[in-house]
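Please keep the sequence and the model at hand while reading.

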Amino acid sequence: MSLWEYANPVKFIRTTDKVLPWVWTLAGLCLVSGLVWGFFFTPNDFRQGSTVKIIYIHVPSALMAINAWLMMLVASLIWIVRRHHVSALAARAAAPVGAAMTVIALATGAFWGQPMWGTWWAWDPRLTSFLILFLFYLGYMALWEAIEDDDTAADLTSILCLVGSVFAILSRYAVNFWNQGLHQGATLSLDKEENISDVFWFPLLVCIAGFVLLFIALVFLRTQTEIRARRTRALLAREGQA
Amino acid sequence: MRALLIRDLMLAIRAGGGFGLGLAFFLIVTVLVPFGVGPQTELLSRIAPGILWIGALLACLLSLDRILALDWEDGSLDLLATAPLPMEGIVTIKALAHWITTGLPLVLAAPVLGVLLSLPIPAYQWVVISLAVGTPALSVIGTFGAALTVGIKRGGLLMSLLVLPLYVPTLIFGAEVARRGAEGLTVQSPLLLLAGISFGVMALLPFASAAVLRINLR
């Protein structure tokens with residue numbers, strides 16, 4: 001029993017079919033309970049008022065936006081090294097989800113920033129690097145769409161993902177250099193004394209778990225769809241020949 | 001390698017369009033900016049370093065599809081791929097030829113266009129230095145983008161979408177050098193970082209470009 005068994009599309013679909021209902025249910029449970037808990041059963045922050053509650057969507061989506069790219073990076077590496085098609089398709093499936101998470105993080109940040117900072121947008125390093133990350137997602141998805149041959153597309157996009165990762169990190173530090181930040185520092189570090197208080201922390205954890213599960217469910221589902229779409233195309237092509 | 005470089009340079013000069021086009025575009029952008037933001041000298045001289053950088057970057061971008069697309073169409077890229085020269089060498093030479101035909105003229109033209117934008121006197125040398133250090137990076141990164149999209153018909157727009165985010169770090173440090181130079185501040189750290197990016201991409205990115213080109217030629 002090794003992990004690489006799931007590189008077989010049939011095996012992948014069979015397993016994910018079994019797992020998916022559970023992941024969906026758990027994701028739904030975590031999201032509903034976390035958001036309800038966060039929105040209705042936590043106190044308002046004494047300075048930020050009720051706007052603090054956007055944290056339950058903003059932080060998990062921002063986390064997932066970055067982790068989705070990391071997942072694409074790992075999947076691309078697996079594709080380059082071991083050439084498992086499921087891996088390339090999973091990377092392709094994750095990109096729109098990651099892009100959506102980036103937009104959610106940017107939008108919720110803007111909604112929070114309007115009353116708190118008095119502006120929808122500031123050229124703060126964190127905000128700017130997220131916008132750049134979004135551009136990377138767009139380019140990655142556009143390249144997938146533009147190339148007709150599946151394997152070529154998978155190869156080119158995985159190399160773009162590798163190069164893009166390096167440049168994304170470079171940009172992150174470059175914008176740090178370029179402008180001072182307005183965004184607060186990390187509130188969830190494991191090694192710091194001053195984190196947010198436990199009242200906000202536990203519902204936030206539940207929400208993060210919900211977003212992670214939601215991401216897994218969406219990526220599984222989208223990968224299945226990609227596999228089936230490709231299979232359909234192969235069947236159609238065979239019909240055409242016969 | 002030298003033969004390839006000379007061939008590319010000859011083609012760029014004799015076929016026309018390659019050599020002067022980027023420069024003309026740079027000129028047009030610089031002329032259009034005052035129409036857009038108004039002719040006040042103080043405003044122009046404040047944004048001049050950034051405008052010159054953006055203009056140079058766009059002019060670079062405009063000429064990227066010439067690096068590989070023509071050779072791809074007439075099949076000479078396939079011949080080059082079968083030549084004893086490694087693919088990494090080919091893309092490096094292509095990037096170098098692009099820099100000589102596009103980047104270098106931009107560096108030389110920047111001070112002249114700086115006059116139009118009433119660039120502050122101390123900024124001239126730093127604009128030229130930062131462009132001289134930064135434009136090779138633009139050419140090398142652009143070659144990667146051109147290699148990625150060479151097989152796609154009408155891939156120009158897609159290439160811009162792919163290449164522009166990759167230009168962000170170079171632009172930030174390059175414009176920072178020019179801006180600090182204009183204000184008479186010390187430019188050492190952004191200049192070193194810019195040079196770091198330039199040398200880094202020159203050393204590493206040709207491998208990625210070559211890999212991508214091999215996939216496209218498969």
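## The nonpolar core

The largest nonpolar core holds 142 residues, and the members that touch the most others are A:Ala68, A:Ala94, B:Ala56, B:Ile141 and B:Val212. A nonpolar core here is a set of buried Ala, Val, Leu, Ile, Met, Phe, Trp, Tyr and Cys residues joined through C-beta atoms within 7 Å. A residue is buried if 20 or more other C-beta atoms lie within 10 Å of its own, exposed if 12 or fewer, and partly exposed in between, with C-beta atoms placed from the backbone. A:Ala94 touches A:Ala68, A:Met71, A:Met72 and A:Val219, leaving out residues up to four places away in sequence; two residues are in contact if their C-beta atoms, placed from the backbone, lie within 7 Å.

The model is predicted, and local features need pLDDT of at least 70, side-chain atom pairs count only at pLDDT 80 or more, and totals for chains, interfaces and linings use all residues. Residues are numbered from 1 along each chain as its sequence is written, while chains are lettered from A and ligands numbered from 1 in the order in which they are written.

## The interface between the chains

Chain A contributes 21 residues that are in contact with 19 residues of chain B. On the side of chain A that touches chain B, α4 (125-146) and α5 (150-178) of chain A each supply at least two residues, and α5(A) gives the most, with 12 residues. Helices (H or I, at least four residues) are DSSP runs, numbered from the N terminus.

By class, this side of chain A divides into 17 nonpolar, three polar and one charged. Ala, Val, Leu, Ile, Met, Phe, Trp, Tyr, Cys and Pro count as nonpolar, Asp, Glu, Lys and Arg as charged, and the others, Gly among them, as polar.

## Helix packing in chain B

Helix α3 (residues 41-62) of chain B packs against helix α6 (residues 87-116) of chain B at an angle of about 150°, with the axes 10 Å apart, and α3(B) is therefore roughly antiparallel to α6(B). Axes are lines fitted to C-alpha atoms, for helices over the stretch in contact, with angles running from 0 to 180 degrees between N-to-C directions; angles over 145 degrees count as roughly antiparallel. Among the residues that meet are B:Leu52 and B:Ala56 in α3(B), and B:Leu106 and B:Ala110 in α6(B). The contact of α3(B) with α6(B) has eight nonpolar, three polar and no charged residues.

The axes of α7(B) and helix α8 (residues 156-182) of chain B come within 9 Å and cross at roughly 170°, so α7(B) is also roughly antiparallel to its partner, α8(B). In this contact there are 18 nonpolar, eight polar and no charged residues.

## Individual residues

Most residues other than glycine have a negative phi. A:Arg83, in the loop between α2 (55-82) and α3 (85-117) of chain A, has a positive phi near 55°, and A:Arg83 is partly exposed, with 13 other C-beta atoms within 10 Å. B:Ser118, in the loop between α6 and α7 (123-149) of chain B, has a positive phi near 45°.

B:Ser63 lies in the loop between α3 and α4 (65-73) of chain B and is buried, with 23 other C-beta atoms within 10 Å. B:Glu88, found in helix α6 of chain B, is in contact with B:Pro206, B:Phe207 and B:Ala210, leaving aside its neighbours within four places in sequence.

Conventions: Angles under 35 degrees count as roughly parallel, over 145 as roughly antiparallel, 65 to 115 as roughly perpendicular and the rest as oblique.
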